[in-house]
Amino acid sequence: MASQLLNVPHLAFFPKISSFLHHSLFSTLNPSFFHSTYTRKALKSSSNSRIINLQAVAETSSEIESNSATNTTSSTLRQICQGFVPEHILHRQASMEEIGFISPTDIQREALPTLFTGRDCILHAQTGSGKTLTYLLLIFSLINPQRSSVQAVIVVPTRELGMQVTKVARMLAAKSDIDVKGCTVMALLDGGTLRRHKSWLKAEPPAILVATVASLCHMLEKHIFRLDSVKVLVVDEVDFLFYSSKQVGSVRKLLTSFSSCDKRQTVFASASIPQHKHFVHDCIQQKWTKRDVVHVHVSAIMPMPLCLLHRFVMCEKTNKHQVLLALLESDAPESAIIFVGEQSEKSKKAGNDPSTTLLMEFLKTSYKGSLEILLLEGDMNFNSRAASLTEIRQGGGFLLVSTDIAARGIDLPETTHIFNFDLPQTVTDYLHRAGRAGRKPFSDRKCIVANLITAEERFVLQRYENELMFSCEERML
Ligand SMILES: Nc1ncnc2c1ncn2[C@@H]1O[C@H](COP(=O)(O)OP(=O)(O)OP(=O)(O)O)[C@@H](O)[C@H]1O
């Protein structure tokens with residue numbers, strides 16, 4: 001299986017060079033891999049490259065590769081979880097079915113049986129494929145509600161994703177008819193009131209802790225609590241955290257200094273794990289996971305959901321606002337996210353308004369449709385960011401203008417359209433931005449990803465098409 005994986009074209013999906021992409025096994029890859037510009041760049045820059053012993057990795061870890069067409073089992077999610085996830089979550093009062101979880105998604109079908117055996121897993125599946133519920137079901141199968149200690153920790157890269165995961169975990173906990181206190185879920189997120197959390201953690205430790213890395217490490221460094229009783233540690237959007245120069249040090253510490261992989265079950269999740277062979281190797285070498293970690297790779301040859309239709313409109317930089325307006329009028333999305341690039345430091349220093357502000361002003365005066373126009377960007381304070389997402393989740397259509405802060409993990413299933421007002425910087429960013437639409441696992445509904453590009457940007461988009469294996473049609477206005 002390992003050698004088969006090395007020959008599938010999805011390995012051409014290769015974003016910018018990162019700190020953990022430091023090995024070189026390119027000589028063993030399919031020649032098509034070398035067509036990737038990113039790959040050529042990586043080859044040039046991998047001065048400290050070394051050949052890793054793939055065979056050794058293959059002997060200890062294992063791969064489960066699945067593509068939707070190959071699935072034959074018709075078990076329901078409840079059947080897969082029976083005997084593992086407690087009855088009170090599955091059967092009584094308000095059941096999984098009532099929440100809407102009847103059939104398992106591919107990642108749930110492939111990963112849950114392995115997770116229930118206690119093995120560490122890397123959940124690698126498309127955006128919107130249900131990875132959150134996969135690891136939460138494992139957590140609910142392991143925690144003892146009678147015990148007053150932190151038994152599961154879920155690490156997330158952003159406050160917004162943390163709030164979302166907390167909400168799903170609380171929904172599952174609340175649907176059970178056991179003593180809710182036993183299943184408390186605490187969100188320990190950047191921008192929160194850490195002092196209040198400190199006393200809470202000491203007096204009444206929650207069973208499940210959802211945390212951003214900085215806040216979690218702060219508590220651990222101050223010895224407010226320890227990870228001794230943690231049975232499962234999940235790192236969501238794991239590639240993002242390892243890429244982030246601000247967060248990678250803390251993540252490594254969390255995985256090796258604050259707790260040991262032998263004493264916990266470790267789960268990593270993401271829709272993009274570039275050079276996953278290297279990553280599995282690093283997991284074992286660095287003791288982030290046990291040696292028999294399983295890489296569960298769903299839709300390996302198709303990194304993007306098929307329900308997404310990709311379009312581009314060629315335009316001048318100066319008339320992008322008008323083009324976007326024309327698209328909004330003609331496509332009439334039910335709800336949409338408009339992704340805008342981050343303002344450069346140079347532009348900030350020059351005192352220019354960020355593109356998000358300019359676009360918001362334009363839309364507020366020119367857009368005549370019924371969707372509510374909202375903004376989400378990193379520079380906003382935490383309360384305003386939370387307010388934007390709360391408003392969206394209250395229902396009604398929205399037009400969310402956002403930077404890449406909304407590109408990872410955010411689940412707004414009503415989103416029918418993504419507009420890349422500015423083209424994303426990397427192929428990974430493209431995958432995650434596009435994946436904010438098409439998030440209803442069993443729906444046939446097609447969603448649109450529209451790219452507003454200048455003639456010079458066409459080749460960049462073409463590269464994304466090649467690496468993610470989709471094709472983008474030109475849309476004439
Ligand atoms: N078995 C299921 N049946 C129906 N809906 C499901 C099922 N599992 C998950 N979902 C729904 O699918 C949507 C996407 O799930 P989730 O947010 O876990 O995706 P993800 O794989 O984590 O995506 P991303 O990589 O973008 O973070 C959610 O709205 C969730 O409620």
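H197 lies in helix α10 (residues 194-203); helices (H or I, at least four residues) and strands (E, at least two) are DSSP runs, numbered from the N terminus. The model is predicted: local features need pLDDT of at least 70, side-chain atom pairs count only at pLDDT 80 or more, and totals for chains, interfaces and linings use all residues. Residues are numbered from 1 along each chain as its sequence is written.

H197 is buried, because 21 other C-beta atoms lie within 10 Å. The cut-off for a buried residue is 20 or more other C-beta atoms within 10 Å of its own; exposed residues have 12 or fewer, and partly exposed ones fall in between, with C-beta atoms placed from the backbone. A contact requires C-beta atoms, placed from the backbone, within 7 Å. E457 is 260 residues from H197 in sequence, and the C-alpha to C-alpha separation is 47 Å.

Strand β3 (residues 152-156) is largely enclosed by the rest of the structure, because five of its five residues are buried. A152, I154 and V156 point one way from β3, whereas V153 and V155 point the other way. In a regular strand the side chains alternate between the two faces of the sheet. β3 pairs with two strands, where pairing needs at least two DSSP bridges. With β5 (residues 208-212) the sense is parallel, over five bridges. I208 of β5 is the bridge partner of A152. β6 (residues 232-236) also runs parallel to β3, joined by four bridges. Here V153 has L233 as its bridge partner.

The largest nonpolar core has 120 residues. Such a core is a set of buried Ala, Val, Leu, Ile, Met, Phe, Trp, Tyr and Cys residues joined through C-beta atoms within 7 Å. Helix α8 (residues 131-142) supplies the largest share of the core, eight residues. Beyond its neighbours within four places in sequence, V155 contacts A211, V213, L216, V234, V235, D236 and L254. In soluble globular proteins, nonpolar side chains tend to be buried together.

α8 also gives the largest share of the ligand shell, three residues. The shell holds 21 residues, the closest being T127, G130, K131, T132 and A271. By class, seven shell residues are nonpolar, 11 polar and three charged. Nonpolar covers Ala, Val, Leu, Ile, Met, Phe, Trp, Tyr, Cys and Pro; charged covers Asp, Glu, Lys and Arg; the others, Gly among them, are polar.

Terms used: Contact = placed C-beta atoms within 7 Å. Near = placed C-beta within 6 Å.
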